[in-house]
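Subject: Structure for you to look at

Hi,

Here is the structure I promised to pass on. Please open it alongside this message, and I will go through what turned up.

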Amino acid sequence: MHIDLYKKSRIQELEEINIQDYIGDLITWNFRSEEVALKAGLDINWDIVNKTRLMIININSIQENLSSKGVKDIQNYAKKVLYPTLSQEVKYSNPNNLIGFRSDVIFILLHSNNDKIKDKDKASSLGQRILKICNNDFIGSVSIGISNHMEEVTEIPKAYKEATSAAIMGRNLFGENRVVKYNELGFFPLLKDLKFNDDIRVIIDYLLAPLIDYDKANGTDLIETLKNLLDNNMNISTVAKDMYLHKNTVLYRKNKITEILNDNPFEMPYTLNYLLAFMINSL
């Protein structure tokens with residue numbers, strides 16, 4: 001009896017390894033041709049034909065605690081408890097959907113119904129149901145990203161980058177436990193590329209350095225106050241509440257910020273420059 005259980009467990013473990021390896025090959029397109037990719041999938045019972053969207057579920061708790069001993073407990077829970085529940089939901093949505101668990105990411109290929117609009121709506125609906133399950137059954141947080149429509153299976157690496165960007169950038173921009181579609185990011189993926197451009201860094205430093213230097217020299221928090229004011233459309237009351245400050249303190253800081261900077265960040269077109277500076281830094 002124990003031998004049979006061991007064999008069954010070992011077979012399941014090998015199947016999981018094969019799926020993880022196949023996912024790794026898909027996202028890097030490690031195949032000589034599309035035919036080879038399709039055959040390799042069928043060998044492990046993964047039919048990737050007519051899969052037109054890719055969904056990524058980032059388990060943030062694993063990513064944030066990689067140096068902690070507790071990460072193995074989170075990973076085991078996600079793999080043994082959360083993943084099977086999500087698999088049922090994914091297959092219930094469409095039996096031809098594919099789902100795999102790889103490291104700190106759950107990878108889902110969504111089957112097409114030959115209707116882009118319905119496919120998009122179904123992907124969003126499934127993402128919301130998955131998020132609800134995670135919120136109910138998982139202590140940690142997740143971030144869910146959905147790619148744009150794929151025309152060919154050879155676009156899976158591109159779709160993987162899109163879904164990953166949607167999950168990660170969506171978390172940075174909108175917070176955790178959100179479902180974000182890649183096209184909802186708008187210009188943000190392009191802005192991310194600017195983050196490492198030397199000319200852009202010079203501009204960002206020019207805009208923000210005066211406040212950063214003043215804060216270091218005086219023990220103040222003007223740079224964070226500026227960010228909060230811009231994020232909240234210069235609403236003094238909202239910023240005071242969020243930063244646990246008196247409204248007069250926020251107003252004083254607002255005036256001090258204007259005094260220190262070369263431009264007035266609370267008037268257009270200068271406001272746009274400072275918004276972009278903070279956005280690019282956050283990506």
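What is the order of the strands in the open sheet? Please keep in mind that this is a predicted model. The five strands of the sheet follow the order E2-E3-E1-E4-E5, and their pairing is mixed. At the edges you will find strand E2 (98–102) and strand E5 (179–181); each has a single partner strand, so one side of each is left without a neighbour in the sheet. On average, neighbouring strands here are turned by 20° against each other, direction ignored.

Helix H6 (residues 156–174) lies across E1, E3, strand E4 (142–146) and E5, and its direction makes an angle of about 40° with E1.

Now for the chain as a whole. It holds twelve helices and five strands, and its C-alpha trace spans about 75 × 40 × 35 Å along the principal axes. The chain has 283 residues, 41% of which count as buried. Of the contacts between residues at least 6 apart in sequence, 63% join residues at least 24 apart. The accessible surface is about 16,100 Å², with 51% of it belonging to carbon and sulfur atoms. As for charge, there are 34 positive and 37 negative charges, and their mean positions lie 4 Å apart.

A few backbone details in the loops are also worth a look:

- Met268 and Pro269 are joined by a cis peptide bond, with omega about 5°. Pro269 sits in the loop between helix H11 (247–260) and helix H12 (270–282).
- Asn45 has a positive phi, near 65°, though it is a residue other than glycine. The loop that holds Asn45 runs between helix H2 (34–43) and E1, and Asn45 is exposed, with a relative accessible area of 70%.
- Asn233 is not a glycine either, yet its phi is positive at about 55°. Asn233 is placed in the loop between helix H9 (222–231) and helix H10 (236–242), and is exposed at a relative accessible area of 68%.

Happy browsing, and write back with any questions.

Best wishes

Notes: Residues are numbered from 1 along each chain as its sequence is written. This is a predicted model: local features need pLDDT of at least 70, side-chain atom pairs count only at pLDDT 80 or more; totals for chains, interfaces and linings use all residues. Side-chain values use heavy atoms; hydrogens and water are left out. Helices (H or I, at least four residues) and strands (E, at least two) are DSSP runs, numbered from the N terminus. Buried means under 20% relative accessible area, exposed over 50%, partly exposed in between (1.4 Å probe, protein chains only). Contact means heavy atoms within 4.5 Å. Accessible areas come from the Shrake-Rupley method with a 1.4 Å probe; for residues, only the protein chains shown count as cover. Lys and Arg count as positive and Asp and Glu as negative; His and the chain ends are not counted. The place of a charge is taken as NZ of Lys, CZ of Arg, CG of Asp or CD of Glu. Two strands pair if DSSP finds at least two bridges between them. Axes are lines fitted to C-alpha atoms, for helices over the stretch in contact, and angles run from 0 to 180 degrees between N-to-C directions.
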